[in-house]
Amino acid sequence: MDPLSALRDFTIRGELDKIIRLNDEFRFGSDYSFPCTVETAYRSKQGNLYTLEALVYYIQNHHLKHTDYMHKTLSLRIPAVTFTDRKPLLDYLTGKVSTSDSIVWNPPKFPDEFRPDLSGFDPDSSKPKGNTNDVVLDEIGDTNLDIKDKETEFADYMGIIRSIEKPLKDREGILECKNRDFYSVLVASTKREEEKQRLESQQRKDGLVAKNRLMGAEERGLGLSYGEEIMGYDSKPKMHLKGSKLGEGVPIILVPSAFQTLITIYNVKEFLEDGVFVPTDVKVKQMKGTRPECVTVQKKFSRDRDRVVTAYEVRDKPSALKPEDWDRVVAVFVLGKEWQFKDWPFKDHVEIFNKIIGFFMRFEDDSVESAKIVKQWNVKIISISKNKRHQDRAAALEVWDRLEEFVRGRSHS
């Protein structure tokens, strides 16, 4: 019996404890004995034949995690079974499957294998004489034997070649880079990218604020004289608006500071500028807990490509606003709770939503009860999908269209 079949037989019978290593041999009870380093008929996916030593150690330790198993084989200098071969090999040895494509049935000669003594045997002496057909058949048979001998000889040569082949690295070894640390490279590149984004954000904010003040004055018909354009730092445009006037400076959008709402100071920029809703908890992790005091947003996408872009400040602390800042508040994302408007400089909800446009963000499959209070207010309900992010852009465009229409109406009231 070949070593692979013997090992499978002992594994199925639950007699692995009877396989004992004695010097350089494995003794299978009193039935068989094989050299430890003899190659079996099981070929790995890397092309080499597993030795009996490798298979015996694996089947006796297959319960170990692959990393622990690899460490032990390295310390004992025993050939290891690869991760991709573990499951099919275990199934074959335990009898779950009867055969495997990895088995190459061309077993070498083993010491315990019984072979008859053919010395002194003359094949010609057994050939019948006098029949021509028998002679022809014998010649064909001899030819077939010669072909088989050549195939066996070729297979033996290939076996010898494979026996001296040693895989230099497996897929895990290739991924290892000893004495090299790329963490410093990652840290340096991350810091450089963060600094670049911070500078670009600051430059964009400063440029948009100055540009918005000039464009805001022109849109409202408050043109500056030639001298004021040149010396605009000392002279500010005076606004004379009737009713609910829009204050001077960058318009303000208020968002709730509570995390119960969909739009917060953390994710408002992605939603209004990129048209993509990112959950607040995800943004908090990305920003590593850094809470921005103020975020500048502008409309980057529009149905009208020639439209002038206006910048807005987004804040979530109404208590930090000065009295003159309230004239610049143009919109608010409502939470749906009365306490959100505590200490606001307005008499009631009617006055609030006459002077400020309100938006309530909700998931489209939320219950009606979630918007029960909001429906009593003069606010626009915007619904988005929980999973279909490609629909966020349409919702963001609806917010921008409503906001711009409200600002134009308030500016010319």
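Modeller: Buried, as I use the word, means under 20% relative accessible area, while exposed means over 50% and partly exposed lies in between (1.4 Å probe, protein chains only). The model is predicted, with local features needing pLDDT of at least 70 and side-chain atom pairs counting only at pLDDT 80 or more, whereas totals for chains, interfaces and linings use all residues. Residues are numbered from 1 along each chain as its sequence is written, and side-chain values use heavy atoms, with hydrogens and water left out.

The part that answers your request is helix 2, residues 52–60, which is largely enclosed by the rest of the structure because eight of its nine residues are buried. Those buried residues are Leu52, Glu53, Ala54, Leu55, Val56, Tyr57, Tyr58 and Ile59. The element numbers follow DSSP runs counted from the N terminus, with helices being H or I of at least four residues and strands being E of at least two.

Helix 2 lies across strand 1, strand 2 and strand 3, running at about 55 degrees to strand 2, where contact means heavy atoms within 4.5 Å. The axes behind such angles are lines fitted to C-alpha atoms, for helices over the stretch in contact, and the angles run from 0 to 180 degrees between N-to-C directions. Helix 1 (residues 3–12) also lies across strand 1, strand 2 and strand 3, and its direction is at about 130 degrees to strand 3.

The three strands form an open sheet in the order 1-2-3 with antiparallel pairing, two strands being paired if DSSP finds at least two bridges between them. Strand 1 (19–22) and strand 3 (32–35) stand at the edges with a single partner strand each, so one side of each is left without a neighbour in the sheet. On average, neighbouring strands of this sheet are turned by 25 degrees against each other, direction ignored. Strand 2 (residues 25–28) pairs with strand 3 in the antiparallel sense over four bridges, and arginine 27 stands opposite serine 33 in strand 3.

Helix 3 is followed by arginine 77, a residue other than glycine with a positive phi near 60 degrees. Arginine 77 belongs to the loop between helix 3 and helix 4 (83–93), and it counts as exposed because its relative accessibility is 76%.

Further along there is another open sheet, this one of six strands in the order 7-8-6-9-10-11 with mixed pairing. Strand 7 (295–298) and strand 11 (379–384) stand at its edges, each with a single partner strand, so one side of each is left without a neighbour in the sheet. The twist from one strand to the next averages 30 degrees. Within this sheet, strand 6 (residues 252–254) and strand 8 (residues 311–315) pair in the parallel sense over three bridges, and isoleucine 252 has glutamate 313 in strand 8 as its bridge partner. Helix 12 (residues 392–411) lies across strands that include strand 6, strand 9 (329–333) and strand 10 (357–363), running at about 165 degrees to strand 11.

The loop between strand 9 and helix 11 (349–355) contains aspartate 343, which has a positive phi of about 70 degrees although it is not a glycine, and which counts as exposed at 71% relative accessibility. By contrast, phenylalanine 341 is buried, with a relative accessible area of 8%, and tryptophan 344 counts as buried at 8% relative accessibility. Rings of Phe, Tyr and Trp (its six-membered ring) pair if their centres lie within 6.5 Å, and planes under 30 degrees apart count as stacked, over 60 as edge-to-face and the rest as tilted. By this rule the count comes to 17 aromatic pairs. The pair of phenylalanine 341 and tryptophan 344 is edge-to-face because the ring planes stand at 85 degrees, with the centres 5.0 Å apart.
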